[in-house]
Amino acid sequence: QVQLVESGGGLVQAGGSLRLSCAASGRTFSNYAMGWFRQAPGKQRDFVTASTGSWSGYSTYYADSVKGRFTISRDNAKNTVYLQMNSLKPEDTAVYYCAAATRRGIRWAMDQEYDYWGQGTQVTVSS
């Protein structure tokens, strides 16, 4: 069983920055693919970014809407994945979820591929 605890959400003005953290339990964190998804009110949950596990060389992938503004990183010694969000826009407002996949070869942009989810953290960007 893997537990994920997110932190770092909040209210920020457009153009500002926030860093989200997701602390994971488990002794094989480096093997997990870690993803960030977000869900705005009344909308489906969307892929934001992912970092693959050690067997895939920690490759990173981004949704087009956040490419160049958001950065995913991980500290395997701390069992933590981060989402640095810069140049935030009002349309980035959503609940952000981190997710972990313990299997290899997942379709990293598909939320049903992930086995464990955090509770979510609210990010609100004011115009």
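Good morning. The model is predicted, so local features need pLDDT of at least 70 and side-chain atom pairs count only at pLDDT 80 or more, while totals for chains, interfaces and linings use all residues. Residues are numbered from 1 along each chain as its sequence is written, and side-chain values use heavy atoms, with hydrogens and water left out.

I begin with the core. A nonpolar core is a set of buried Ala, Val, Leu, Ile, Met, Phe, Trp, Tyr and Cys residues joined through side-chain atoms within 4.5 Å. Buried here means under 20% relative accessible area, exposed means over 50%, and partly exposed lies in between, using a 1.4 Å probe and protein chains only. The largest nonpolar core has 34 residues, of which Leu4, Met34, Trp36, Phe70, Leu83, Met85 and Tyr96 touch the most other members. Several strands, including β3 (18-24), β4 (33-39) and β9 (94-101), each supply at least two residues of this core. Strands are DSSP runs of E, at least two residues long, numbered from the N terminus. Which strand gives the most to the core? That is β9, with six residues. As a general remark, nonpolar side chains in soluble globular proteins tend to be buried together.

Leucine 4 deserves a separate word. Leaving aside neighbours within four places in sequence, leucine 4 is in contact with, among others, Cys22, Met34, Cys98 and Trp117, where contact means heavy atoms within 4.5 Å.

I turn now to charged side chains. The structure holds six salt bridges, each being a side-chain nitrogen of Lys or Arg within 4 Å of a carboxyl oxygen of Asp or Glu. One of them joins aspartate 92 to arginine 38, with the closest N and O atoms 2.9 Å apart. Aspartate 92 belongs to the loop between β8 and β9 and arginine 38 to strand β4, 54 residues apart. Aspartate 92 also forms a salt bridge with arginine 69, at 2.8 Å between the closest N and O atoms. Because arginine 69 lies in the loop between β6 (60-62) and β7, this pair ties together parts that are 23 residues apart in sequence.

Another salt bridge, between lysine 67 and aspartate 64, has an N to O distance of 3.1 Å. There, lysine 67 is partly exposed at 49%, whereas aspartate 64 is exposed at 66%.

Finally, the aromatic residues. The structure holds eight aromatic pairs. Rings of Phe, Tyr and Trp (its six-membered ring) pair if their centres lie within 6.5 Å; planes under 30 degrees apart count as stacked, over 60 as edge-to-face and the rest as tilted. Phenylalanine 29 and tyrosine 32 form an edge-to-face pair, 6.0 Å centre to centre with 75 degrees between the planes. Tyrosine 61 and tryptophan 108 are stacked, at 3.9 Å and 10 degrees. Tyrosine 61 is in strand β6 and tryptophan 108 in the loop between β9 and β10 (116-117), 47 residues apart.

Definitions and conventions: Helix = DSSP H or I, 4+ residues; strand = E, 2+ residues; numbered from the N terminus.
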